[in-house]
Amino acid sequence: MSEINLKSKEYIQSSNADLSSSAQKNSDTVIEFKNVSKTYQQCIRAVDSASFKISVGEFISLVGPSGAGKSTLIRLLTAAEKPTSGQIYVASRDITQLKKQELPFYHRKVGVIFQDFKLLPRKTVYENIAFALEVADIANKEITERVPKIIEIVGLTSRINAMTEELSGGEKQRVSIARALVHNPKLLIADEPTGNLDPVSTWEIIELLFKINKQGTIVILATHDKEVVDTLERRVISMRDGKIISDQEKGKYVL
Ligand SMILES: Nc1ncnc2c1ncn2[C@@H]1O[C@H](COP(=O)(O)OP(=O)(O)O)[C@@H](O)[C@H]1O
Ligand SMILES: [Mg+2]
């Protein structure tokens, strides 16, 4: 294992001691799934009676084989789709009942990143992030102040004017994390964010997610990466066939 991998692992493990105790002290529920199901085409139960709670400060790995329902569960939480039945409370509000005009405001409070980055082509790092603020009608002056600060948080200051096409996979994922953070979300959801990355970039991204969590943002990480999950030593929710088959504090990857 490379030195960078080791450093990231050590950082994550040394951070765990103080974090787990603060998470335990603060048990305020932020997210609650109550018997949530999502059925496609009347037969495929992509999510099947899922119930769980997530509190302030948690870092959660969501694991399970391909087709288990992880991405569907994430789309329900981001209100990209509505469940077939059940309630999803976020900050005491049932988000399945949000009105169409309320959705943009909810989406700003929930940052999402994906395996394929979803960046704008032929735009710079700066422009990719500024765009997320422009569409939210943020004033230009504020955009020019905020964007460089966010770029610094994700460690891309030296690449601020690089085009999307010129970036490595790890750099692209940093841009998408920066874009997900522009509205200071309470929740950052990562759907297989390291699926296209080499091991060194993988650990850099996990370390960055860890730092963001340490600043107080809930992180939910859907992943296949057993080594990542086992190193994190944080809560692990395991899914299979749409069901939550285990939910463990300081869990390990179970198949
Ligand atoms: N839009 C959709 N229409 C029909 N079936 C879907 C749709 N999205 C997901 N599914 C099905 O739901 C199940 C769960 O998929 P998904 O949530 O993508 O799992 P995972 O992210 O764990 O791989 C799979 O059987 C998948 O084929
Ligand atoms: Mg998926």
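Two strands are taken to pair if DSSP finds at least two bridges between them. Helices (H or I, at least four residues) and strands (E, at least two) are DSSP runs, numbered from the N terminus. The model is predicted: local features need pLDDT of at least 70, side-chain atom pairs count only at pLDDT 80 or more, and totals for chains, interfaces and linings use all residues. Residues are numbered from 1 along each chain as its sequence is written, while chains are lettered from A and ligands numbered from 1 in the order in which they are written.

Confidence is given as pLDDT, the predictor's confidence in each residue, from 0 to 100. The protein has a mean pLDDT of 92. A value of 70 or more is reached by 93% of its residues. Over residues 19-26 the pLDDT stays under 50. For that stretch the model has eight contacts beyond four places in sequence (a contact requires C-beta atoms, placed from the backbone, within 7 Å).

Helix H1 spans residues 3-25 and contains Leu6. Burial is assigned from C-beta atoms placed from the backbone: a residue is buried if 20 or more others lie within 10 Å of its own, exposed if 12 or fewer, and partly exposed in between. Leu6 counts as exposed because it has 11 C-beta neighbours inside 10 Å. Its C-alpha atom is separated by 34 Å from that of Lys123, 117 residues apart along the chain.

An open sheet is formed by four strands in the order E2-E1-E4-E5, with antiparallel pairing. Its edge strands are E2 and E5 (93-94), each of which pairs on one side only. Strand E4 (residues 85-90) joins E5 through two bridges in the antiparallel sense. Tyr89 has Asp94 of E5 as its bridge partner.

Parallel pairing links a further set of strands. Strand E6 (residues 110-114) is largely enclosed by the rest of the structure, because four of its five residues are buried. E6 pairs with E7 over five bridges, in the parallel sense. Val110 stands opposite Leu187 of E7. E7 (residues 187-191) in turn pairs with E8 over five bridges, again parallel. Here Leu188 is opposite Val219 of E8. Strand E3 (residues 59-63) also runs parallel to E8, and four bridges join the two. Val219 in E8 is the bridge partner of Phe59.

E8 covers residues 218-222, and five of the five are buried, so the strand is largely enclosed by the rest of the structure. In a regular strand the side chains alternate between the two faces of the sheet. In E8, Ile218, Ile220 and Ala222 point one way, Val219 and Leu221 the other. E7, helix H7 (residues 199-214) and E8 make a right-handed β-α-β unit (with the strands pointing away from the viewer, the path from the first strand over the helix to the second runs clockwise).

H2 is itself largely enclosed by the rest of the structure, because six of its eight residues are buried. These are Lys70, Thr72, Leu73, Ile74, Leu76 and Leu77. Just after H2, Ala79 takes a positive phi of about 60°.

Key: Contact = placed C-beta atoms within 7 Å.
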